[in-house]
Amino acid sequence: MGRLSIGKLWYIAYRDLGRNRRRSALTLVAVALGMGLLIVMSGLIEGAVGGSLDNSIRLQTGHLQVRDESYDEDELSLEWEDLLDDPHGLAAHIQTLHNVRVATPVLWASGMLTARDESVGVQVFGIDPLSAAYTSIRDALVAGEFLAPDDRSGILMGQRLADSMGLSVGQRIVLVVSTADQEPDEATFTIRSLYATGVASYDETRVFLPLSKLQAFTRTEGRASAIFILLHHQDEADAVAAALRAPEFGVLTWRDLNQVLLQSLEASDVFLDMMNLVVLAVVAVVIANTLLMAVFERTREMGILAALGMKGRQILLMFLLQAGTLGVAGIVLGSLLGGLGVAYLATVGLPIGEAAAAGEASNIITYGNILYARFSPSDAVSLSTMELLITLLASLYPAWFAARMEPIEALRAL
Amino acid sequence: MQVIQLQNVTRVYRIGEVETQALRGVTLDISDGEFAAIVGPSGSGKTTLLQLMGCLDRPSTGIVHINGQDVTRLKPNQRADLRKGTIGFVFQFFALIPGLTAYENIELPLLLTGTKARERRARVNELLDAVGLSERARHRPDQMSGGEQQRVAIARALATRPVLVLADEPTANLDTENGRQVMDIMQRLNEDTGTTFIFATHDPRVISFARRTIELRDGRVADNSRPA
């Protein structure tokens, strides 16, 4: 006895889809919309994740940081023994390493900024204004001129902070810092320029001084908190970190430096998985419903096919092929729709509003007030596979129902 | 040679607490090449008897032999295999697959038996010609008349050259002229190919075609007039 080939079974299944075109089309649209929605949601989350991480690396952590082994970031310690003694020499050495794009010393201090009888706590960054590491801040200038390395009285601050205190370029503020010997000291600075990165947590709390000025102000005598390093490629961080390891240094990669962000992104993955499950469940119900209706409508055909000698497993396979055809067509269409949606949101972006951007979560999730989607091919592949599997799983019951039908029961519908 | 042998066959249906005796001990032989009618009023057991002969169902007691093989205890897949190669069916409501053309409907049993493409093509065209529907090969059932659909169903029943064709009220939904055409075709094919045809009917015009009539009444054989 020969066998009915899959191709011929598929042909019969395919021809059946054309019989109730409206129902087949509606099911196709449901699968396609489900797929499109999954891809757009994944693109937005990917954009938020990737964008937050990029912002954090670009503006705050860099790909790598080299610090003194005893440095405690939480205390922003300025004690000499916690700082790097020869930061310029060390930065110059690191700059020569393969894969390093830029390495520059940075000094961090906590301070209190006062103007017009109002005071706010700020984080003070002592930076080399000429370093390429601060291109992002330079590009984000909205008023005034960027700091010069030898500027002894200029300060750069976020527009959001300036606005909240009613300040603008050219006005003066008083900055109080705790020095290396843990004595407070204060000085007056003139606002040289304002920046707006779009990331509220930066624009409200960070002020910049030239490194040499902050070193003098805090009496750290040419020392620095860390060497801030950007690499050509993010995935080379571990290799460069390994080359830099020495007993006197702590070398931290972007993963170490963004632990909180990465953890919260993992939590958002769980949320996304739940959303995906809901969408997939809806698609599954639609598919199961369509096929079950088809089985009921085709009871007599099942009887005829059984009378002609078609076996239960061939009938099961025929229904699975029908579901698979709808599934694959819906997934292809949905991927195109989703891809177009992601392309649009990657170019134009999704405004999430000032309030959301400045919300509590903005301390951790560091994207601006426009969220740009990113297409993730690996997500698209895994979501497509999942949707196809769900489609086939959902069709198992109707297919099984059809396959186990007794020929004489089915023929009674004649 | 006996194509069908039934020995004291009964068939009891149970629906809930209610028991219905559709067949009450039928013993019957059908020989190769017969053209026989099973007649009797509604509820006399005609369809049940055809279903047992067609291996679509199993008897409650008794033994059924098809082509010399005891089919009483065959598993569903074994019965499907037997039907595929040995038995053709023609049903009252034409029973074509709606999405497929006349050609494809006739081809279906040949696909199930794994017949090669060239052989399939030749056989389907031969059968379309035999039932006078070569011009209607590409038409779907909803584009054909009842008589044409039933002729396609006969062609399909004969596709795998079965030893036995079972037809349940084959003319019940046809007008007189189409009914006569269908019976003419079945009779001609029976004479030309030697295939055994058994049809259940209560239409006197159809019974007149039969060379043998088996009359059922209340699940028993009431009259079994053999050809002269």
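Helices (H or I, at least four residues) and strands (E, at least two) are DSSP runs, numbered from the N terminus. All views show a predicted model, in which local features need pLDDT of at least 70 and side-chain atom pairs count only at pLDDT 80 or more, while totals for chains, interfaces and linings use all residues. Residues are numbered from 1 along each chain as its sequence is written, and chains are lettered from A and ligands numbered from 1 in the order in which they are written.

**View 1. Fold of chain B.** Chain B contains seven helices and ten strands. Of its 228 residues, 49% are buried (20 or more other C-beta atoms within 10 Å of the residue's own, with C-beta atoms placed from the backbone). Among contacts in chain B (C-beta atoms within 7 Å) between residues at least 6 apart in sequence, 71% join residues at least 24 apart.

**View 2. Packing of helices 10 and 14 of chain A.** Helix 10 (residues 259–297) and helix 14 (residues 377–403) of chain A pack at about 30°, with axes 8 Å apart. Helix 10 of chain A is therefore roughly parallel to helix 14 of chain A (angles under 35 degrees, on a scale from 0 to 180 degrees between N-to-C directions, with axes fitted to C-alpha atoms over the stretch in contact). Residues of helix 10 of chain A, including Leu280(A) and Val295(A), meet residues of helix 14 of chain A, including Met386(A) and Ala402(A).

**View 3. Side of chain A that touches chain B.** Here 23 residues of chain A are in contact with 26 residues of chain B. Helix 11 of chain A provides the largest share of this side, five residues.

Technical notes: Angles under 35 degrees count as roughly parallel, over 145 as roughly antiparallel, 65 to 115 as roughly perpendicular and the rest as oblique. Two residues are in contact if their C-beta atoms, placed from the backbone, lie within 7 Å. A residue is buried if 20 or more other C-beta atoms lie within 10 Å of its own, exposed if 12 or fewer, and partly exposed in between; C-beta atoms are placed from the backbone.
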